[in-house]
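Subject: Structure handover

Hi,

Here is the structure I promised to pass on. Please open it alongside this email.

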Amino acid sequence: QVQFVESGGGLVQPGGSLRLSCAASGSIFATYAMGWYRQAPGKQRELVATIDAGGRLYYPDSMKGRFTISRDNAKNTVYLQMNSLKPEDTGVYYCKKIGSPGWGQGTQVTVSS
């Protein structure tokens, strides 16, 4: 079973940036469509971005402009670059293989002055 480990979260001031990483085990990571999701306190989990095996990107309208998803198949890793962070970006960020059940532990992002 493939496992994903998120990292790179932390405390950042409004306007700052963070780069999240998601490392996967397994030799067929390159065939996976991957997504980043987040869950803010008291809110439902929401999609942030996806990237498919061919590198095609998708962002919900609410996420366009400040977030960039990318992948490095040689490192079995998917990234989320987050810029111009706002307090409302605070939450736990998760990566996930599209279409598979279950969630990892996520990485906490806190945007606060």
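Below is what turned up, taken residue by residue and then for the core.

One caution: this is a predicted model.

**R66**
R66 sits in the loop between β6 (57–58) and β7 (67–72). Is R66 buried or exposed? The relative accessible area of R66 is 18%. The cut-off for buried is under 20%, so R66 counts as buried. Its side chain makes two kinds of link worth a look. Another runs from the R66 side chain to the backbone oxygen of S84, at 3.1 Å. Setting aside residues up to four places away in sequence, R66 touches Q81, M82, N83, S84, L85, K86 and D89.

**G9**
G9 lies in the loop between β1 (4–7) and β2 (10–12). Its relative accessibility is 33%, so G9 is partly exposed. Beyond neighbours within four places in sequence, G9 contacts L18, L20, T107, Q108 and V109. The C-alpha atoms of G9 and V92 are 8.5 Å apart, although 83 residues separate the two along the chain.

**The core**
The largest nonpolar core has 25 residues. Which of them touch the most other members? They are M34, W36, V78, L80, M82 and Y93. Elements giving two or more residues to this core include β4 (34–39), β8 (77–82) and β9 (91–97). β3 contributes the most, with four residues. In soluble globular proteins, nonpolar side chains tend to be buried together.

Best wishes

Terms used
Residues numbered from 1 in each chain as written. Predicted model: local features only at pLDDT ≥ 70, side-chain atom pairs only at ≥ 80, totals over all residues. Heavy atoms only, no water. Buried < 20%, exposed > 50% of the residue type's maximum accessible area, 1.4 Å probe, protein only. Polar contact = N/O pair within 3.5 Å; in protein donor to acceptor, adjacent residues only side chain to side chain. Contact = heavy atoms within 4.5 Å. Core = buried A, V, L, I, M, F, W, Y, C linked by side-chain atoms within 4.5 Å.
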